[in-house]
Amino acid sequence: AITAHDEGVDALIIDKMPQLGLCNTAVSGGIINAWSSKLKLHEKLGIQDSLELQYQDLLRSGDYMGDPELIRTLVENAPSVIDFLVDIGVPFTETLTMSGGQSVPRTFSVIGGGPTLHKKLREEIQKRGIKTLLGHKVTRIIREKANSGRVLGVETGTEDGKTKYIRARKAVILTAGGFCRSDL
């Protein structure tokens with residue numbers, strides 16, 4: 001939503017929880033794996049890493065059952081995630097650690113962990129005036145025709161059992177920060 005807003009999009013965040021995206025972001029420990037970033041920690045620490053090495057590590061650690069195309073997309077974009085967070089002022093440690101399945105250290109850590117990461121993202125959303133709709137679970141994507149055609153918007157269910165329809169002007173982007181409170 002922050003990036004979309006910065007590109008001129010009138011974004012709306014819909015979250016089924018009563019607070020904004022707290023679950024996985026806050027408990028994540030604020031760690032993100034990337035083979036490079038504008039922080040240049042790999043270079044400073046003398047660690048040889050590459051897009052291809054991170055890609056191969058992820059394939060291997062998943063017993064080659066992961067979707068290679070999705071894994072490549074994840075790895076290709078990992079540095080830009082760190083760079084985006086640095087640009088909005090998220091503080092990182094000056095170290096890299098190893099996580100499961102890695103052949104070299106490539107885990108970046110936010111100073112203050114997940115709560116700091118969550119707080120900074122929430123501040124940036126508020127600073128930009130990005131609209132949020134809390135306590136609304138998306139229950140259906142509305143399209144021109146059943147299972148085909150242009151996406152027109154979403155149907156949401158509210159905490160008090162009401163149904164609300166939200167029309168999309170240009171697009172609906174589905175995102176997930178995890179599988180928190182999946183029973184709702």
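The model is predicted, so a word on its terms: local features need pLDDT of at least 70, side-chain atom pairs count only at pLDDT 80 or more, and totals for chains, interfaces and linings use all residues. Residues are numbered from 1 along each chain as its sequence is written, and side-chain values use heavy atoms, with hydrogens and water left out.

First, the layout. The protein chain has six helices and seven strands. Helices here are DSSP runs of H or I with at least four residues, strands are runs of E with at least two, and both are numbered from the N terminus. Read from the N terminus, the order of elements is α-β-α-β-α-α-α-β-α-β-β-β-β. The C-alpha trace spans about 55 × 35 × 35 Å along its principal axes. Of the 184 residues, 32% count as buried. Buried means under 20% relative accessible area, exposed means over 50%, and partly exposed is in between, with a 1.4 Å probe and protein chains only. Among contacts between residues at least 6 apart in sequence, 61% join residues at least 24 apart. Contact means heavy atoms within 4.5 Å.

Next, the helix pair. Helix H4 covers residues 51–61 and helix H5 covers residues 68–87. They pack at an angle of about 140°, with axes 9 Å apart. The axes are lines fitted to C-alpha atoms, for helices over the stretch in contact, and angles run from 0 to 180 degrees between N-to-C directions. H4 and H5 are therefore oblique to each other. On that scale, angles under 35 degrees are roughly parallel, over 145 roughly antiparallel, 65 to 115 roughly perpendicular, and the rest oblique. Which residues meet? From H4 come Leu51, Glu52, Gln54, Tyr55, Leu58 and Leu59, and from H5 come Pro68, Ile71, Arg72, Leu74, Val75, Glu76 and Ala78. The residues of this contact divide into nine nonpolar, one polar and three charged. For that count, Ala, Val, Leu, Ile, Met, Phe, Trp, Tyr, Cys and Pro are nonpolar, Asp, Glu, Lys and Arg are charged, and the others, Gly among them, are polar.

Staying with H4, its buried residues are Gln54, Tyr55, Asp57 and Leu59. These pack against strand S2 (31–33) and H5. Just after H4, Asp63 takes a positive phi of about 50°.

Now the cores. A nonpolar core is a set of buried Ala, Val, Leu, Ile, Met, Phe, Trp, Tyr and Cys residues joined through side-chain atoms within 4.5 Å. The largest one has 16 residues, and Leu39, Ile82, Leu85, Val90, Phe92 and Phe108 touch the most other members. H5 gives the largest share of this core, three residues. Ile82 touches Ile32, Ala34, Ser37, Leu39, Phe92 and Phe108, not counting residues up to four places away in sequence. Apart from this core lies another, of six residues, including Ala11, Leu20, Ile125 and Ile130. In soluble globular proteins, nonpolar side chains tend to be buried together.

Then two loop residues with positive phi. Most residues other than glycine have a negative phi. Lys40, in the loop between S2 and helix H3 (41–45), has a phi near 55°. At 43% relative accessibility, Lys40 counts as partly exposed. Tyr64, in the loop between H4 and H5, has a positive phi of about 60°. Tyr64 counts as exposed, at 53% relative accessibility.

Leaving aside neighbours within four places in sequence, Gly30 is in contact with Phe108, Ser109, Val110, Gly113, Gly114 and Leu117.

Arg128 is in helix H6 (residues 113–128). Arg128 and Asp6 are 122 residues apart in sequence and 8.6 Å apart in space, C-alpha to C-alpha. With neighbours within four places set aside, Arg128 is in contact with Ile2, His5, Asp6 and Ile88.

Lys170 is in the segment after strand S7 (163–167). At 76% relative accessibility, Lys170 counts as exposed. Lys170 and Arg150 are 20 residues apart in sequence, and their C-alpha atoms are 9.6 Å apart.
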